[in-house]
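User: I would like to go through the labels on this model. Please set each one against its cut-off.

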Amino acid sequence: CPRFVGWISSYEPDSLVGGRDREPIAHISPYSFFIDVARGARPMVAFAACPRSDEFDNSDEYDSDSSEEVNNDKDPKSNNQRSGDGTHWKDAQRDAEQTGVFCVNLVSRELAWAMNASAAPLGKGLSEFHLMRESNVGISAATGGDESLPKVRPTHKPAPNVNAPFVPESPMFMECRYTKTVKVPDIFEGDSMYSLILGEVVNIHVKKEVLQMDGNSIDVGKVFPLARLGYGQEYTVISECL
């Protein structure tokens, strides 16, 4: 049941239009339905997203004439295709599909409060990074008021190789190229809301101070990565490998 949290960061597509005279709007949100799905010469990751169902819906709608499966693996220029069934989609899915890239940031213990705060529903054009920078509400809620827990306020920078932001305070992040969206199959007509968004990992960046002595793998005892448990807002911190 404990599972890695995919903290997905991306740029809002509309904010990338019109030149470099303004800073792009950076989004970040946690996805606990996240997994690596392929390794070797072409490593891949995937996260599952459902449509937004809050009062801050992004107002854009899926193209009802589009197919249920979007595949940009052969033609990266076709990333403006959309998948779905006429409902609204979350920032990470929309941004990945329309910009063609995203980053996955590892959530360490110090970033747990920020990960929780970044799940807040925001309107279009608003950044979760701004919310975390301006408010202490998320810190108190995520730590249960325990001020002894370590906390780091995250920032964002442009990734070196893809047009997406990353969290420099994270001990590890992956740069990904969007490849495909697959709608999770229905059991009964219309009962599945989820889509699976796949991306190819093109670069992995790890801070030297969290590597093991051999320099080839992460030392979990130095990172304390966060993992999602089975119910509600239950999480755990991994501190030891067997």
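User: Why is Asp 36 called partly exposed?

Analyst: Asp 36 has a relative accessible area of 34%. Buried means under 20%, exposed over 50%, and partly exposed in between (1.4 Å probe, protein chains only). So Asp 36 counts as partly exposed. This is a predicted model: local features need pLDDT of at least 70, side-chain atom pairs count only at pLDDT 80 or more, and totals for chains, interfaces and linings use all residues. Residues are numbered from 1 along each chain as its sequence is written, and side-chain values use heavy atoms, with hydrogens and water left out.

User: What makes Arg 39 and Asp 36 a salt bridge?

Analyst: Their closest N and O atoms are 2.8 Å apart. The rule asks for a side-chain nitrogen of Lys or Arg within 4 Å of a carboxyl oxygen of Asp or Glu. The pair therefore qualifies. Arg 39 itself is exposed, at 68% relative accessibility.

User: How do you know that Arg 94 and Glu 12 form a salt bridge?

Analyst: The closest N and O atoms are 3.7 Å apart, so the pair meets the salt-bridge rule. Arg 94 lies in helix α1 (residues 91–99), and Glu 12 in the loop between β2 (6–11) and β3 (26–31), 82 residues apart. Helices (H or I, at least four residues) and strands (E, at least two) are DSSP runs, numbered from the N terminus.

User: Why do Arg 94 and Glu 12 count as buried?

Analyst: Arg 94 has a relative accessible area of 2%. Glu 12 has 4% relative accessibility. Both values therefore fall in the buried class.
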